[in-house]
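Open the structure in your viewer and keep the sequence at hand.

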Amino acid sequence: MTEEKTSNGLYYRSLIRNIVILVIIVSFTPMFLVSGIILYQFHHSYSEKIHDHLGELVLNHKQNIDSFLKEKLKHIRFLAKSYSFEELSNESFLQEKLSNLQEGFSPFFVDLGVINERGVQIAYAGPYKLGGAVYSEAEWFKAAFQKPYYISDVFLGLRELPHFIIAVQENWRGRPWILRATIDFVAFNTLVQSVRIGETGFAFIINTQGECQTRPCLDMDDSKQVLADLLADKKNIIRDINIVEKTDTSGGKNLYVASFLKDGDWLLVYQQAASDALADLNRTLRLTIILLAIGGLAILTMAFVLSRRVVMRIAKADQEKQMMNKQVVETGRLAAIGELAAGIAHEINNPVAIMVEEAGWIEDLMEEGTEQEGNMEEFKRALKQIQNQGRRCKEITHKLLSFARKTDSRVQSVQVNELIEEVVNLSSQRARYANVEIHTNLQPDLPETQMSMTEMQQVLMNMINNAMDAMEKKGGRLDISTELGKDQIIISIRDNGPGIPAANLAQIFVPFFTTKPVGKGTGLGLAICYGIIKKMDGEIEVDSTVGKGTTFRIVLPLIKNLETK
Amino acid sequence: MALASVLLVDDEIPFVETITKRLTRRNLDILAAYSGDEALEKLKAHNDVEVIILDVKMPGKDGIETLEEIKRLHPLKEVIMLTGHATVETAIEGMRLGAFDYLMKPCDIDLLVAKVSDAAAKKRRHEEKILDAQIKEITMRRV
């Protein structure tokens, strides 16, 4: 019993596990697929949107810076064109123009200087004392003499402070001279850095050698390689903008948006940490993962709770079915007893009739008186007969009761041969009237085996009743034999009745299958036998030939003691 | 002169013996048989038997089969079915096959005697009618 419970427990546990796995696979697969596809699409389009947005921003900024530089250049060119070399060589005049520029246009101009062809600054207006400074060897001076105007890279120069200059070349009496203006580096820096998005976004400018032209907010060492790549990528810039997502040497993933300005001399770079640029996307991702986790948790809980409930219901249904089976077996037993009782009612009626008649005979003789010769002997004989018939009745009822009273379905040691003899004995009267001869050929010394006596009795009773039902009309012979196989007891029940047609043979163990008229058979007898034998781990087989008879073969495992089972 | 000549058929020997004695005391002429086949043999040998008391359930030829045979060979003889296994079906079957009546074992002896008397009377009336008809036919022929 405990073993049965344990194996049932294992079965139900594996059932729960299978249902849970199935529910998880069925629910999670579409959930992950759909979420994955949506997330991928969202990520893709959102990144694109961010890229476009940043691209647009940088493009605008680049245009701003370009316009700024052009504007400053225009101012200086205007000054150079409007006034002669002589006028501008006058430092107080130059100072006045510088003041005008600073007041009227922008505070970006730090100083102004007029430089002759030899590179000597002949006039200077500004905060530094640079009057008479010689620039003949300065890079910017050499470059400025090649072009009508020139905007330099940032350099330290004589003042030893980072700055850059705008220089315009003019001619006075056939000799070239240069008007140059220094742009306030801090103000320019502020202009470039005015683009700030998120927490990490900043803009800076580098020249073609990769040197910083504005002050970067952070240490640029990590991004050097990326910036070099961006500079090298000049040809691949589409729509003046190049957007790349690269990991810098410190391992941080950054978004770089670059655009060349100042006719390709400078590269405006906007850098932002990818995590910052895609913060919204990451937030959505986090939210989605949380939602997925909650959903997954709900599915898991549901899978466990639901499967447990379903399996509990199944277990309950199984239990009910088992109870029902027990009841069916009991019903079958009662039906077998009923059939037996009908035969026995007749059997018992005969001795009762004899007793009644003997009693009547005594009554008849009493009318003559006891003194009548021979009457006393007749009384004695009649009484003896009544006694005999009474004993016969007792035997019959005893037989029936010994069958019906055996309600104990516990597994115990059973001698199959004895059981067969008992059932054959019970059926003998019915066999006599049905003209059926019952022959037994039982293996001597058959060992006892463990089984439920009542259940086996029921199987044998059913088999014999069925055989007799089949042979009732014409009579016949029923052979019951036992033999000992290898750890098996084989019982054969062979009749020479009409046999079972092949079409019915496959169905004889199916519950409610019967060929008997309505009200005569329940169709449960053989189904119950099958169930009982299977429960005993045995086999029941049938072999039948129409016109020759039917043989049922029951193979039972030989179980010597309960421990073996 | 006996009330009637009766053949008693039952496979239970003590029953047949005792009831024979009791019926004999009640002025019936009793002949006994212990199986269907024996009953048919006895009938062949004793044509004076008027009523047959027949057990339904017997080994070999059972009561119903014997009844059919008797009715086929001796249609004028009356049969009273007697059985311990009283079922309506068997009764209906017996009556349908021409049994005079049906009694359950154990039965009251006087009731059985009365039934036998009625059956014998019926048989005699039947025979008389046939005799009358035969006489009429012979008379008619002579006329």
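**Stops on the tour**

Start in chain A with the open sheet of five antiparallel strands, in the order β2-β1-β5-β4-β3. Strands pair if DSSP finds at least two bridges between them; strands (E, at least two residues) and helices (H or I, at least four) are DSSP runs numbered from the N terminus. Select β2 (121-125) and β3 (149-151) of chain A: these are the edges, each with a single partner strand, so one side of each has no neighbour in the sheet. From one strand to the next, the twist averages 15° (axes are lines fitted to C-alpha atoms, for helices over the stretch in contact; angles run from 0 to 180 degrees between N-to-C directions).

This is a predicted model: local features need pLDDT of at least 70 and side-chain atom pairs pLDDT 80 or more, while totals for chains, interfaces and linings use all residues. Residues are numbered from 1 along each chain as written, chains are lettered from A and ligands numbered from 1 in written order, and side-chain values use heavy atoms, without hydrogens and water.

Next, select β4(A), residues 164-172, which β3(A) joins antiparallel through three bridges. A:Ile151 has A:Ile166 as its bridge partner there.

Now go to β9(A), residues 266-273, where eight of eight residues are buried (under 20% relative accessible area, 1.4 Å probe, protein chains only). A:Trp266, A:Leu268, A:Tyr270 and A:Gln272 point one way, and A:Leu267, A:Val269, A:Gln271 and A:Ala273 the other.

Technical notes. Buried < 20%, exposed > 50% of the residue type's maximum accessible area, 1.4 Å probe, protein only.
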